[in-house]
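User: Please take a close look at one part of this model and describe how it sits among its neighbours. A plain account will do.

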Amino acid sequence: MMPPELQPRLFRPHISSSSSEPSLSSSSYSPHMSPASTRNFIDRTTPTSRSNNSRFSPSSFAYNGRIAIALVPCAAFLLDLGGAPVIATLTIGLLISYIVDSLNVKFGSFLGIWMSLIASQIAFFFSSSLISSFNSIPLGLLAAFLCAETTFLIGCWSSLQFKWLQLENPSIVVALERLLFACVPFTASSFFAWATISAVGMHNSSYYFLLFACVFYWIFGIPRVSSYKTKQEAKYHGGEIPDDSFILGPLESCFLSLNLMFMPLLFHIASHYSVIFTSASSVSDLGLLFFIPFLFQLYASTRGGLWWVTKNSDHLQSIRIVNGAIAMVIIVICLEIRVVFHSFGKYIQVPPPLNYLLVTITLLGGAAGAGASVLGMISSALSSAFFTALAVIVSSAGAIVVGFPLLFTPLPAVAGLYFARFFTKKSVPSYFAFVALGSLMVIWFVMHNYWDLNIWLAGMFLKSFCKLIVANIIIAMAIPGLVLLPSKFHFLTEAGMVTHAILLCYIEDRFFNYSSIYYYGMEDDVMYPSYMVILTTLIGLAVVRRLFADHRIGSKAVWILTCLYSAKLAMLVLSSKSIVWVSAALLLAVTPPLLLYKEKTKSASKMKPWQGYAHVVVVAVSVWFCRETIFDALQWWNGRPPSDGLLLGFCIVLIGLACIPIVALHFSHVLSAKRSLVLVVATGCMFILMQPPMPMTWSYHSDMIKAARQSADDISIYGFMASKPTWPSWLLIVALLLILSAATSLIPIKYVVELRTFYSIAMGLALGVYISAEFFLQAAVLHALIIVTMVCASVFVIFTHFPSASSTKLLPWVFALLVALFPMTYLLEGQVRIKNVFSDNVSWGWDAREEDKKVTTMLAIEGARTSLLGLYAAIFMLIALLIKFELTSLLREKFSERSGQSKTQGGARGMFPSRMRLMQQRRATSTQSFAIEKMSEEGAAWMPAVGNVATIMCFAICLILNIHLSGGSSQAIFFLAPILLLLNQDSDLLSGFSDKQRYFPVTLAISTYLALSSLYAIWEEVWFGGNSGWGVEIGGREWFFAVKNLALLILTSPGHIIFNRYVWSYTTKQSDASPMLTVPLSFAAVVITDVFQVRLLGVLGIVYSAAQYVISRQQYMNGLRYI
């Protein structure tokens, strides 16, 4: 290693004293140790020695941000190329990995992520069409390899997030880290260039690739210390880090440098090989594409980019100077040919050959001065004198080139002199003198070239634009001088930055949003490209961050500037004329909780209540100010103007989402604030889903909204559409708001019985009227019954959850009324309408139209009855779930009481833990009986019986719906049978039913339903499927079919009977082999039968037998452990 006195200051990597940084030590670990020996070595080491001497420190991956910048956009591009199959495959795989990880199966989640990536990559190969897109097999295969490599790198990155992998295999994580830093620059630059070319075309594709190659080299090519290696002692070699502590070695760094310098040039040659020597501009492209990254590599060497070339600082400095000078000369010549004389030739007022000389002096002199300042060569009096002379010559030559009058040539020379004086002596007055003189030159240039043009540009005269641009340039020139003023004048810097940002937003808004009007929709001739908006935004945010880090501007200025620069990006999404200012206002209203309240002391960084209310009001006003922009966005998304309810809903949701930072960061301890926020967001979501009709006094109709809604295209395209009444949606919104208000305790129904009564009746009325008007609009006779039904259900549910002193006596009668209303409503719905139809037929005689009307009415009755069945099934399901929840809560309380009493007994419990666990299990089975006794004492013994009745009725209604809707599907029973899990032990019907037998009704229902379904299928095939009519000939085909399948159905019954008996008692002998003996019988039914239900019974019998064997075996093993 080089001694510290010979190492350049810029090359020494910074070593932070923070404990979160990775550190290095090479005294106790050999890189040739195997993973197993490494694990043994770590296990034998004490914690102190492990932290001080181990070369690997158990820390997290420190460069997730850098990898995310490169790989996350690549992954998004891959998902876009792959489409829905890749997204679905990856989503399912990641869900499985998440479930496995939640079960603490570490290796399973690790393997699941890799399997998900491999499966998604296979789906990508089948779903994407790379070869046809590129129209070339080699290019298609190369693109497929690039996609596969990206997927592999994503897998490596995700592997580094597993801490156990680092602890068990430390050498692997170091290799993965090196692999990522070595390969990501190649992959990311290629993918970013691919995406950019797909968006804007191949015209300047090589320069896009060059830009991304430079960016990713800067992110990954500069030497970084590994996340998994500990630091050397800070005083060792003056804080210098050894080479083996870097992530990349000399070979990888060399390849990254070669990629930076040669890949853009090779890409240009491969894509433009037919025109590379056709003109001087094409030849200049070759020089620029090689020497620009070469010059960037030399600049990166000041940060350690060429550490692998030499360790001698003098040698490295000479390499920078010599090669940099050569690169600058060639770049200047190529820029003159490619850019200056090609695009700005009309501004050069000097005839040839003098123009070439002066332009070269200006560009080369300016580049030489900038390079000397970057390399720190301007430090002595002689170099300062040379720099001053160079500045004077460059400024004078530049002024002559653009046609500045020779009489006033000393003016730019003096400006250059003052600039050099400021740069060498840090004189602030000299800089302001340079600004004043430079402003005069800028004003002359603009007036000389544009002032006499009478052009209407972007909604205003060109002269007005010139004034704005000149003002913005002068402010930008003055800001560096303002920054150097004392701290008491920093408000001038803030004012200058804010003014410059406002002017920039206004100019870019005009150029970007108004240019299409004057170009008559010609998208090829763009006045202000999109990348300029992004570029100025990034530069502005970077300057703001640097000034704030140097304490040159305050937090309020950072807040305003961040909002202004970020608001410009909205122009790229929406084409509204006021989108920039609307977005800025919204960001200024939303971001104060994130940007303003960031002081060091916690008490000072928290909002006061009045500040919170004020910010909420400002957010609401800002969203209302943005209503037309929200309207434009919804119209662009839907393709049609949104309704007033949809617009209001999105405004309310936006207000709620904008208030999340206020509540989460400053009022997280206030429960009412959280509840109000949930209520606001839920209200907005309900308005979006329901889209209720808005009263005219509530709706706002600006000229823009009126013009959008009065378009005749909607009628010509979509025609006249009959709309159903939407006023019932208000009732559903009211009901849901009442539910949310009660759930968040904004309405205290838990403590006031009278309020609870009015609340339950209001809920039932709102839901009853909504259901009647929305689904049973033509059956007026049902409205009263449905409303009474919903009121009864609402009263029962609310008073069951929050009982009162007398509710336990009245609720069984309410439930009885609810049960009685079911058949009454069901039968009344059909009889009234059928009676009306038949009376009309009798009075008017037979008519074909009346017959069609009768058929239509019958279909409507069937649909209404099906809807009624669904409504009552939902009501009974809700009641059963509620009672199950209440009983479970009661059992849990009873069990905790008994457990608390047993804990106070002490002593013998710790001596016999297994025996006590067995006693707890026996005691848990008897707890339900004690709970029933307690409910009997409290007058609530009816709850288990009512829950059982509701469960059975819900199950029966669902079976009827299954027959009506799917014709009695056999697979539906697997979804319907779990309803019987809601059954409870009561004192009458199911007195012997306990928690131990809770699965018995489910298995019994499945077996019984499938058996009955099989009998029906056999009977249907015999009597309706044959050709012999209603008779069955003995020995015929139908007779053989019936006998065979009935016999096979009987063969499946032993397995089901044995398993159902086992589920009831959970007792079996270890030597009992009857479950496995039924497997051949079930297997024969699966293979031989012709009826699907019988085959399903056979498969289920095999599953039952295997499950019984496994559970019995597990019980037997647990018993042996107990003994």
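**Helix α15 and its surroundings**

Analyst: The elements that cover the buried residues of α15 include α14 (354-374), α16 (410-425) and α17 (428-449). This is a predicted model, and α15 itself runs over residues 381-401. Its 21 residues reach 30 Å from the first C-alpha to the last, close to the 30 Å expected at 1.5 Å a residue.

The buried residues of α15 are S383, S384, F387, A391, V394, S395, S396, A397, G398, A399 and V401. An α-helix has 3.6 residues a turn, so residues three or four places apart point the same way. Among the buried positions of α15 are F387, A391 and V394. The buried run from V394 to A399 takes in V394, S395, S396, A397, G398 and A399. Just after α15, G403 takes a positive phi of about 95°.

Next comes α16, one of the elements that cover α15. The cover also works in the other direction: what lies over the buried residues of α16 includes α15 and α17. Those buried residues are P412, A413, A415, G416, A420 and F422. The end C-alpha atoms of α16 are 22 Å apart, which agrees with the 22 Å that its 16 residues should span at 1.5 Å a residue. After α16 comes K426, with a positive phi near 55°.

For comparison, here is a helix pair elsewhere in the chain. Two packed helices are described by the angle between their axes and the distance between the axes. Helix α9 (residues 170-200) packs against helix α11 (residues 250-271) at an angle of about 15°, and their axes are 10 Å apart. Since angles under 35 degrees count as roughly parallel, that makes α9 roughly parallel to α11. The crossing of α9 past α11 is right-handed. On the α9 side the contact is made by R178, F181, A182, P185, F186 and I197, and on the α11 side by E252, F255, L256, N259 and F267. By type, the residues of this contact divide into eight nonpolar, one polar and two charged.

As for the setting, the protein has 44 helices and two strands. Buried residues make up 42% of its 1123 residues. Of the contacts between residues at least 6 apart in sequence, 74% join residues at least 24 apart.

Terms used
Residues numbered from 1 in each chain as written. Predicted model: local features only at pLDDT ≥ 70, side-chain atom pairs only at ≥ 80, totals over all residues. Heavy atoms only, no water. Axes fitted to C-alpha atoms, helices over the stretch in contact; angles between N-to-C directions. Helix = DSSP H or I, 4+ residues; strand = E, 2+ residues; numbered from the N terminus. Parallel < 35°, antiparallel > 145°, perpendicular 65-115°, else oblique. Left-handed = near helix turned anticlockwise from the far one by under 90°. Contact = heavy atoms within 4.5 Å. Nonpolar A, V, L, I, M, F, W, Y, C, P; charged D, E, K, R; others polar. Expected span 1.5 Å × (residues − 1). Buried < 20%, exposed > 50% of the residue type's maximum accessible area, 1.4 Å probe, protein only.
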